[in-house]
Amino acid sequence: MTLTFTSSNGAAVAAVTGNITHAVSGEFQSSLLAALAESPALVLDCSGIVMLTSAGLRVLLLLHREASASGKRLALASVPPAVRDVMEVTGFLDQFQSHPTVAEAIAATSQTKP
Amino acid sequence: MSGRIDLYPTEEIAGWKVRPGQVFPYGVSLVPGGVNFSIFSSVATSCSLVLFDKASRALLAEIPLPESFRIGDVWSVTVFGLDPETFEYGFRIDGPCDHQSGHWCDRSNILLDPRARAVSGRDVWAAEPDWTDPFPYRGFVVPEDFDWRGDRAPQIPSEDLVIYEMHVRGFTRHPTSGVGHPGTYAGVVEKIPYLRELGVNCVELLPVFEFDEFELSRPNPVTGALNMNYWGYSTVGFFAPKAGYAATGAAGMQADEFKTMVHALHAAGIEVLLDVVFNHTCEGDHRGPSISLRGLDNKTYYMLTPDGYYHNFSGCGNSLNCNNPVVREMVLECLRYWVSEFHIDGFRFDAAAILGRDQSGGPMLNPPLLESVASDPVLKKCKLIAEAWDAGGLYLLGSFPNYGRFAEWNGKFRDEVRDFLRGQSTSAGQLATRLAGSPDLYEASGRGPRASVNFLTCHDGFTLRDLVSYNAKHNEANDEGNRDGIDDNRSWNCGVEGESDDPEVCALRLRQSKNAILSLMVARGIPMLLMGDEMGRTQGGNNNAYCHDSAFNWLDWSLVDKEHDLLRFSRLAIALRRAHPVLRLPRHPRADATGALGFPEVSWHGRKPWQPDWDSGLAVVVWASTDGPDVILYAWNTTPYSEQIELPPAPGGFQWIVEVNTGCPSPDDIHEPGTGPAMEPGGCFLIGARSSIVLKLAAKRP
């Protein structure tokens with residue numbers, strides 16, 4: 001798993017690649033929480049995610065909860081179809097804001113209030 | 001500072017940091033920094049925890065538990081630094097091996113935790129397993145936190161239920177289903193709009209506890225395909241949802257997918273009942289495999305004969321010793337788990353008479369397991385339904401130990417209404433008893449019609465279409481010489497055995513199907529439909545289709561169009577039941593009670609009002625609600641001749657409205673409730689041969 005941070009239009013963008021599993025969940029969570037602390041909005045570019053396990057899904061959702069609790073916005077972008085499908089049938093997808101592209105996700109997070 | 005002071009390792013075994021574990025909960029649980037394991041055996045002289053790497057399936061570690069890790073008969077250990085997503089586990093138990101005395105310990109074997117929350121080995125349905133694997137079924141942990149997001153159990157009163165008995169895979173596996181994930185929990189979700197439109201408000205799922213579809217598999221002599229354990233009445237893991245029914249089973253996410261399905265069904269107002277098999281396990285008799293319970297503590301978990309053989313009250317080789325206090329606790333814990341973790345609304349207990357047997361197999365008057373289930377606080381709102389018999393000859397219909405809680409699959413309703421349907425019985429009196437919610441079975445105990453699950457077909461036996469198309473079973477494809485399956489089908493083929501293109505035969509079959517569905521929807525009690533019966537699903541006359549994973553068993557969704565007529569009838573017959581509270585009252589109707597609009601609560605008639613002929617093939621009944629102005633006339637003429645009946649006079653200002661007449665072709669066979677034609681005052685009704693009608697009293701139309 002790697003995380004690459006950029007920023008655009010006031011939103012932090014984190015490009016995630018590789019496998020999001022229990023093994024990397026601690027690092028994943030702390031890095032993204034740190035990014036959220038510095039920015040009102042965080043967009044996760046999911047296009048490089050290969051595998052998202054049960055624990056990975058939960059870390060993602062916890063992050064989303066943390067963001068909401070602190071008045072921040074979190075959005076997913078470019079979720080690969082296979083990952084999206086797993087998220088859908090396990091009931092996770094509809095708990096997130098998800099956008100087809102990073103640009104749309106940035107636009108949406110900069111417009112909406114939390 | 002926070003955290004527990006005992007969550008640190010005390011020793012190292014086989015290279016792993018461990019400590020004596022927490023006894024509770026039994027099974028596996030995640031604790032901060034580690035994973036806790038706890039397992040019961042009253043005979044083990046030693047116990048090892050065996051860990052495998054999930055991805056490679058290679059042995060990761062074997063941790064022999066010191067004697068100090070045992071409290072009572074329970075061994076427990078906490079292992080630190082174990083990644084919960086990447087390991088699988090089992091137990092190696094040493095102890096006595098003396099079959100005559102009932103002991104089957106074998107330290108060369110690795111055993112599945114009976115409380116495993118997920119079981120690997122059969123992750124993708126019918127994917128060829130590694131047959132050389134000596135330990136094919138392995139436990140693993142799944143996260144149990146699921147965000148139920150405002151889920152609310154529908155809590156539908158029993159009398160208002162319309163149950164749809166279905167097979168998770170069979171429901172959407174057929175290519176015509178058009179769903180994204182055929183044959184899965186996710187597939188069920190995609191078909192919720194269909195269930196809503198049909199009007200059923202409860203699904204009863206054939207077994208979803210992990211089982212092995214390859215159990216006793218063999219080539220089909222007719223097709224060459226593999227005959228499999230398709231139904232799944234053979235549990236491998238009681239606490240694990242069937243992975244092969246999950247689109248995400250290969251990723252180990254079956255629990256989340258299952259919960260998502262329940263959440264979606266609840267949101268649509270549909271309850272979820274599980275068909276559960278606690279009467280036996282997949283370990284078979286003395287020739288069967290040792291997978292879990294047999295090797296852990298055979299004598300505790302199974303009912304044994306004095307010389308150490310298995311009692312076979314299930315017809316499947318063994319009988320779970322479910323009134324043993326330890327086993328009882330496991331069964332109860334399992335039910336609680338499915339209700340608390342998966343939000344299940346109730347259970348149908350397969351061959352439940354076994355659950356009332358004592359440890360030597362004798363029937364008990366007050367079986368502690370059933371009493372515990374009936375009075376358990378977590379299960380308090382659950383629907384509990386017993387199949388009140390077993391394969392050992394114990395038949396408890398009407399007398400199942402129920403504690404005011406258990407309903408029963410009413411086998412008498414099935415048999416006697418089938419007899420009336422085929423015209424074999426011309427006992428309107430017998431039919432009257434079944435329509436009244438079977439007071440002969442359920443009045444004395446005070447349970448009333450809520451105890452009667454009324455059904456004409458279920459997974460076991462003919463489908464409805466086959467019930468009106470075959471006189472005899474045709475089970476050749478099961479490869480048992482057509483000896484399997486019951487012979488007592490009480491069916492009638494309408495003149496031709498099997499498929500026919502004779503228009504008269506087809507029309508009669510369609511009408512008979514409508515008569516059958518209507519009888520379910522007007523009878524007091526809880527109606528149950530078998531998946532596909534609403535649109536004429538056939539199994540080609542096979543009345544024991546347990547082993548076919550093929551289009552033979554899968555629901556063909558092209559029937560939605562092909563059998564549009566019957567499907568429309570089914571939908572409107574369910575709507576009729578919903579529109580008329582008098583059909584759903586939770587008590588047996590009484591002839592001496594005053595109902596609405598001057599009618600008694602129930603009155604029987606014949607060709608002339610108030611003159612029933614109990615020994616005829618013509619039944620005419622009027623039900624009048626005691627709670628409101630709801631009066632229904634139902635008549636069923638099962639003779640091959642038309643019968644003219646004189647209608648009981650409608651009171652002033654009212655008239656009889658036709659709701660149903662199966663003697664008419666669609667769309668005049670059934671109307672949207674309250675929209676049918678009105679009868680002339682003082683009129684007669686000519687009921688066609690083998691036809692049934694429903695009229696309702698309504699204020700005269702201006």
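A nonpolar core is a set of buried Ala, Val, Leu, Ile, Met, Phe, Trp, Tyr and Cys residues joined through C-beta atoms within 7 Å. The legends below describe a predicted model.

**View 1. The largest nonpolar core.** This core holds 236 residues, and Leu42(A) and Val43(A) touch the most other members. Helix α12 of chain B, residues 503–522, gives the most to the core, with eight residues. In soluble globular proteins, nonpolar side chains tend to be buried together.

**View 2. The surroundings of Val43(A).** Neighbours within four places in sequence are left aside here. Val43(A) is in contact with Ala11(A), Val13(A), Ala75(A) and Ala77(A), and also with Val102(A), Ala105(A), Ile106(A) and Thr109(A).

**View 3. Helices α6 and α7 of chain B.** Two packed helices are described by the angle between their axes and the distance between the axes. The axes of α6(B), residues 325–342, and α7(B), residues 368–375, come within 10 Å and cross at roughly 25°. Angles under 35 degrees count as roughly parallel, so α6(B) and α7(B) are roughly parallel to each other. Their crossing is right-handed. On α6(B), the contact is made by Arg328(B), Val331(B), Leu332(B) and Leu335(B); on α7(B), by Pro368(B), Leu369(B), Ser372(B) and Val373(B). By class, six of these residues are nonpolar, one is polar and one is charged.

**View 4. The contact between chain A and chain B.** Chain B contributes 19 residues to this contact and chain A contributes 12 residues. On the side of chain B, the largest share, five residues, comes from helix α4(B), residues 254–267. That side of chain B has seven nonpolar, five polar and seven charged residues.

Conventions. Residues numbered from 1 in each chain as written. Chains lettered and ligands numbered in written order. Predicted model: local features only at pLDDT ≥ 70, side-chain atom pairs only at ≥ 80, totals over all residues. Buried ≥ 20, exposed ≤ 12 C-beta atoms within 10 Å, placed from the backbone. Helix = DSSP H or I, 4+ residues; strand = E, 2+ residues; numbered from the N terminus. Contact = placed C-beta atoms within 7 Å. Axes fitted to C-alpha atoms, helices over the stretch in contact; angles between N-to-C directions. Parallel < 35°, antiparallel > 145°, perpendicular 65-115°, else oblique. Left-handed = near helix turned anticlockwise from the far one by under 90°. Nonpolar A, V, L, I, M, F, W, Y, C, P; charged D, E, K, R; others polar.
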